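Here is a short briefing to read alongside the structure. Have a look at the fold first, then come back for the notes below.

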Amino acid sequence: MTTSRQNLSSGADEDAPAAADGASGPAVKNDAATSDVDTKPSTTTPERHISIQTKLEGLEMLVDLNGAGRKSCPLCPEDKFKACYSHKLRRHLQNLHWKVYVEFEGQKMCICHLPCRHLKPSLTGDQVSGRHVAHYHCVVCSATIARKTDMVSHLKRHVNKGETEASYCGGSEPPHEEPAPSGQSYEIMKELGTNVQLLPNHTVPQKSDSYFNRRMKTNRQLVFSSLAVLAEERSPLECLDAFGATGIMGLQWAKHLRSAVRVTITDISDTCVKMIKENCELNNIRVDGGSRGPRGADGNPGEGKGLSITTVEVAKMDANVIMHLRPFDYIHLDPYGTAVNYLDAAFRNVRNLGIVSVTSTDTGSLYSKSPNVTLRHYSCHIVRTEYYRELAARMVVATVARAAARCNKGIEVLLAVALEHFVLVVVRVLRGPSQADESVRKLRKLVHCQWCEERVFLKQGTMMDDTLPCSCHESLPGKTAVHLGPLWCGALFNTGFLRRMLSAAVQHSMDDVQPLLKMLICESECTTLKTPPHGSTSAFANQVECGVVIKTSESGEDAAGQFGKRKKADEPGPVVKKLKPDASLEHPSFYYSIHRHSIRGMNMPKLNKFLQYLTEAGYRVSRTHFDPTGVRTDATLQQFKSVLTKYSVPTYTKAGAAPTSVSTEPTTTGPL
């Protein structure tokens with residue numbers, strides 16, 4: 001996790017008076033000794049430590065070197081460096097403190113020998129002294145780090161997380177012209193043409209109400225693309241961002257889709273609601289704090305400001321409450337952790353053929369790190385497997401299907417993505433008990449072999465060992481297979497919907513998510529071929545979603561005229577026709593890792609070559625976004641390994657020596 005606000009400017013508030021006096025060495029030492037006792041977040045802009053300077057002259061200005069008499073070093077205690085004359089002190093500052101500095105964005109962090117760190121006592125109770133006291137003060141989070149190499153690695157982690165010095169410390173020039181809210185400093189971040197202001201502790205959810213994660217940019221773009229596809233079918237849409245935080249997701253919807261959506265952003269925190277309203281003003285978006293009233297012909301409520309481009313409703317309300325009170329066409333749930341506590345309320349009032357998107361970030365329980373929490377939240381039993389990410393996606397879909405069935409609704413999975421730090425599931429809602437029954441029938445147990453990791457969904461009325469195609473239960477003693485789940489056994493992707501999402505991503509210049517969408521399209525079709533050109537809009541006219549054909553207009557004007565005013569007999573809604581499901585069109589369940597099933601003593605072929613070999617053998621094959629080395633195919637594990645063995649090259653220990661013996665067993669010989 002990132003560094004909390006309580007570590008900003010280690011002792012900066014105490015060191016500031018000493019630095020201003022210039023040559024008060026003892027004052028600096030006394031203040032620095034209490035630098036780590038401040039555990040409450042500061043409400044003012046923090047100042048840098050005196051060891052952080054831009055030039056050598058700034059370090060020399062801490063002491064009046066032109067004056068007469070002996071002077072103490074501002075970065076060393078009296079017992080380490082005694083007071084001396086100016087010429088000796090200047091050499092000391094240059095050769096000891098300045099010579100070993102660490103530079104970051106023009107700021108040079110000199111080594112500090114003051115007792116700024118609270119060291120753990122030794123076995124005898126004495127503090128560790130000597131060279132271990134020397135340390136650096138981080139310019140970003142003001143943490144104290146002893147080694148120079150550790151400080152360099154620490155700064156690299158800040159860069160990878162998108163944290164810079166401007167995010168925390170205020171320099172000589174303020175980064176923003178507007179005053180900070182509640183006396184706190186903030187930065188303005190721009191994403192997809194939308195500006196939002198962020199508090200310094202926005203990366204720590206335990207320390208901040210307005211939490212913002214830069215790594216969730218892919219998630220936000222996927223959700224936006226799915227909403228843009230629904231807006232093509234009917235408009236205006238009632239959209240809900242149930243967990244606003246900074247409000248960036250709802251503001252992106254309103255700013256780019258304009259009159260096609262009516263966005264509602266809610267949060268339970270007063271700080272977040274105030275931040276969302278300020279971000280609305282930052283993007284020239286009018287804030288509607290009350291309930292929905294009558295709208296004019298243009299779809300905008302009342303007369304707003306002349307510069308407002310659209311209107312967003314911001315409400316301080318619990319997510320369960322607002323979803324019980326009002327119906328919505330599109331609901332996005334992105335709480336901190338699991339979303340199972342909000343699924344019943346989400347499916348209660350969602351409209352027919354509406355979309356519910358769920359983002360789960362509790363990767364500890366989803367990725368089999370906490371099985372007891374998984375059983376508690378998702379009512380599923382899972383173990384750690386090579387396909388754990390797809391296992392997590394199917395587990396979330398199963399939980400969503402059960403929640404929808406309790407409201408007599410069924411689901412059709414449009415998209416299920418599981419990446420390193422989140423699982424995103426997007427489903428379309430179909431009303432009716434028959435639709436709910438059909439969805440519940442797709443919840444099955446998974447039979448998993450603990451030795452070879454072969455897996456297959458359990459059919460009704462079959463024995464567990466008879467279901468698996470492997471023969472591990474015959475050749476190995478004990479129980480070799482376990483039941484996992486119940487899980488969703490249907491398709492995880494809809495090709496027609498993904499193609500329209502790709503078209504929306506191209507239209508709104510979302511370049512970061514386009515490669516992922518192209519891979520998802522190939523994965524949904526289980527093919528290695530490139531996707532058709534996204535410029536041909538005729539391919540997106542008829543959308544087939546798990547047996548349901550939804551015909552949409554090709555032009556935006558026709559769509560607005562067709563779905564602009566809902567619930568009128570003379571203007572029909574989307575044409576929905578039920579088709580008989582074709583199991584052959586669905587992609588194969590799960591995938592195999594080529595490295596997990598490598599053969600001893602053999603060099604495997606390249607992944608793209610191996611995909612070609614499987615295709616030539618007559619199997620459906622594609623790559624998967626769940627695992628960069630994974631292969632999604634309808635071949636069994638035995639067939640997969642036979643093709644892998646056929647095209648693997650023996651490894652030679654010496655030039656001209658005989659090839660090593662080939663073993664068809666996987667590299668691991670025991671259960672995981």
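Predicted model: local features only at pLDDT ≥ 70, side-chain atom pairs only at ≥ 80, totals over all residues.

**Helix packing and model confidence**

Let's begin with a pair of helices: H6 crosses H7 in a right-handed sense.

**The H6–H7 pair**
- On the H6 side, the contact is made by Asn-219, Arg-220, Val-223, Phe-224, Leu-227 and Ala-228.
- H7 contributes Ile-248, Met-249, Gln-252, Trp-253, His-256 and Leu-257 to that contact.
- Helix H6 spans residues 217-233 and helix H7 residues 248-257; their axes lie 11 Å apart and meet at an angle of about 40°.
- Because angles under 35 degrees count as roughly parallel, H6 and H7 are instead oblique to each other.

**Helix H17**
- Helix H17 covers residues 495-507, and its 13 residues should span 18 Å at 1.5 Å a residue; the end C-alpha atoms are 18 Å apart, which agrees.
- The rest of the structure largely encloses H17, because 10 of its 13 residues are buried.
- Among the buried residues of H17 are Phe-497, Leu-498, Met-501 and Leu-502, and also Arg-499 and Arg-500.
- After H17 comes Ser-509, with a positive phi near 60°.

**Confidence**
- The protein has a mean pLDDT of 78, with 71% of its residues at 70 or more.

Definitions and conventions: Residues numbered from 1 in each chain as written. Heavy atoms only, no water. pLDDT = per-residue confidence, 0-100. Helix = DSSP H or I, 4+ residues; strand = E, 2+ residues; numbered from the N terminus. Expected span 1.5 Å × (residues − 1). Buried < 20%, exposed > 50% of the residue type's maximum accessible area, 1.4 Å probe, protein only. Axes fitted to C-alpha atoms, helices over the stretch in contact; angles between N-to-C directions. Parallel < 35°, antiparallel > 145°, perpendicular 65-115°, else oblique. Left-handed = near helix turned anticlockwise from the far one by under 90°. Contact = heavy atoms within 4.5 Å.
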